[in-house]
Amino acid sequence: MTARASTVASRISATGTANALELRGLTRMFGALAALTDINLTVRPGERRAVLGSNGAGKTTLFNCITGDFPPTAGTIRLFGEDVTHFPPHERIRRGLRRTYQISLLFAGLSVRDNVYLACRGVSRYRFSLLRPRRDDALMASAEGLIEAVHLSDARETLVGDLSYGQQRQLEVALALAGAPRFVLFDEPAAGLSPTERRELVEILTNLPSHMGFIIIEHDMDVALRVAESVTMMHNGRIFKEGKPAEIESDAEVQALYLGGGHG
Amino acid sequence: MAVTDHGTGQGAEGRRAPAHGTWIESIPPAVWALGAVLLLMPALANDFVLYQIFGWTFILGMIGLSLMFLAGYGGMVSLVQMSVAGMAGYMVAIFGSSAIETISLGWPWYLSVPVAILIAVAFGTVAGALAVRTEGIYTIMITLAIASAFFYFTRQNYVIFNGFSGFNGVLPPQLFGVDWRQAVPFYYLTLFWAVLSYLAVLYVRRAPFGLALQGVRDNPRRMRALGFNVTAHRIAAYSLAAVIAAIAGILLTWQSAQISPGTAGVGPVIDILIIAVVGGLRHPIGPFIGALIYVVLSTFAIDILTGLGLAGERFRLLIGLGFLVIVFFSPDGVLGLWEKWRASGRRDPLTGEDRGEDRGGNREGGA
């Protein structure tokens with residue numbers, strides 16, 4: 001663990017002043033359809049930003065390009081100053097990037113604990129270890145901590161396929177917070193949650209360590225504007241407006257397009 | 001393997017709480033009984049049963065286990081495992097000694113066996129590296145293509161593989177003054193390796209590598225998003241499975257004292273798939289159950305058929321019918337039937353609902 005911590009520390013010191021995320025001219029085509037067109041976006045380290053926009057605005061495509069699930073058609077992606085445009089997803093994750101998925105992508109055949117343990121293992125060494133973790137295993141301990149943080153302690157032995165929808169969403173967040181993330185992409189983490197679960201989620205997000213920046217896609221303005229300090233509005237694959245939550249909320253164009261647009 | 005496939009049966013292993021107390025206490029009595037029977041078998045059974053039935057069952061079970069490891073935990077149905085076993089058998093014949101003295105190098109066993117395993121594992125790894133970029137039916141196709149290529153290559157190459165006739169007179173070493181081709185020693189030799197590989201798979205299932213492999217099966221995209229190199233993980237699984245198949249291949253060659261292209265022909269390749277599927281892919285005990293059924297059927301089907309006045313060479317018909325019946329009633333093989341039966345015992349006969357006392361806690365699969 002110390003070796004790992006020092007590599008993170010050296011990376012942070014090497015890239016300390018760089019922006020967490022820098023997108024330049026990012027474009028993604030699906031055939032003739034431009035899902036993203038010339039996206040320029042800069043997120044400072046520790047900054048928390050909400051991305052808003054109606055369905056089909058390109059928000060999830062943006063996430064998929066940043067994590068490397070899809071390669072961009074054009075443009076560059078810099079993560080903490082490093083050009084990761086052509087890196088495979090796992091290399092980006094090992095550099096401190098994390099994400100959650102709009103539709104939970106979990107390991108249905110494994111228990112909650114094993115799911116979180118895998119997430120912790122994925123960003124540390126000995127991923128190929130053939131030896132079972134010992135009882136005092138540090139990663140197992142951090143997995144237990146994460147399970148507690150997302151209020152799943154009672155379900156830690158349950159198969160993920162048997163969890164309720166809300167619990168799966170909570171687990172989705174836990175997986176993204178494993179192993180000292182530096183920058184997280186949350187894709188509609190509150191979708192389908194009950195009001196109580198939403199409050200818990202907002203609490204988890206606002207209590208994240210201050211160096212941990214994130215981008216959150218969220219339709220629920222209560223959640224989005226409470227946890228974010230800046231807002232990016234997307235429309236038809238382009239960035240439409242950027243600003244503080246209050247500015248965005250009161251912006252007439254935004255209201256016409258999105259808030260009052262009868263989406264639902 | 002869809003994500004949703006793992007609702008019920010996978011629970012046999014997934015839901016089990018980690019054993020507390022010493023590991024010996026966690027072993028169920030049925031396993032003790034089975035272990036005792038297997039150890040004392042030479043006192044109960046004759047040489048034919050020990051050598052032909054059980055020896056062969058353990059060997060085929062191991063090759064089936066290597067497929068089960070890839071298919072059950074990794075979601076990759078590989079038809080190349082029999083070829084890996086065949087490669088190991090060929091290599092032990094080529095580097096060690098056989099009746100074909102012009103080709104065999106005559107190395108001592110402590111060199112020829114490790115080299116044979118290494119080459120077979122390299123072969124399994126390369127085959128895996130070719131196969132892992134495909135999914136589902138295409139994995140089956142590409143591994144079948146590799147298996148066929150191996151079959152035809154060994155049949156046509158006379159310089160190394162001695163073509164159609166292959167190698168005979170491939171004998172195990174006379175280690176510790178024991179003739180390991182005698183029924184009792186061979187029984188214990190195969191039992192030892194079968195149990196060892198079975199326990200190894202059980203152990204690795206809960207180790208980071210095994211957990212990650214199951215993660216790759218359930219959701220490769222998410223595994224990438226957790227920092228795992230999914231391709232490397234899949235290839236490593238092929239290497240690990242190849243170790244088991246390679247050991248089994250050497251034992252298989254020693255059992256019949258020969259290896260020829262037909263050993264790893266398309267027929268045997270399919271037989272391994274049948275063994276693993278009939279037994280069940282959810283638990284490592286499955287392939288051994290499947291292998292026992294296969295061996296018993298293929299050994300005695302001739303007698304049954306001729307007894308019924310039918311042609312004895314139709315024994316594959318009986319195997320095929322058995323396969324159809326089991327798969328028809330349970331897509332999860334014999335293990336699936338067993339779990340269904342257990343579940344129906346737990347269910348309340350009136351309401352059809354789970355009585356609940358056993359749920360989520362200590363369900364034990366097969367062994």
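Colleague: Which elements of chain A do the buried residues of α7(A) pack against?

Modeller: This is a predicted model, in which local features need pLDDT of at least 70 and side-chain atom pairs pLDDT 80 or more, while totals for chains, interfaces and linings use all residues. Residues are numbered from 1 along each chain as its sequence is written, chains are lettered from A and ligands numbered from 1 in the order written, and side-chain values use heavy atoms, without hydrogens and water. Helices (H or I, at least four residues) and strands (E, at least two) are DSSP runs numbered from the N terminus. With contact meaning heavy atoms within 4.5 Å, the buried residues of α7(A) pack against β3, α5, α6, β7, β8 and α8 of chain A.

Colleague: Within what arc do the buried residues of α7(A) fall?

Modeller: Buried means under 20% relative accessible area, exposed over 50% and partly exposed in between (1.4 Å probe, protein chains only), and L201(A), V202(A), I204(A) and L205(A) are buried in α7(A). They line one face of the helix, because the arc, taken from the directions from the helix axis to the C-beta atoms, is 160 degrees.

Colleague: Which residues on the other side of α7(A) are exposed?

Modeller: The buried residues of α7(A) include L201(A) and L205(A). On the other side, the exposed residues are P195(A) and R199(A).

Colleague: How many of the 28 residues of α3(B) are buried?

Modeller: Helix α3(B) runs over residues 47-74 and reaches 38 Å from its first C-alpha to its last. This helix is largely enclosed by the rest of the structure, because the number of its 28 residues that are buried is 23.

Technical notes:
The expected span of a helix is 1.5 Å times one less than its number of residues.
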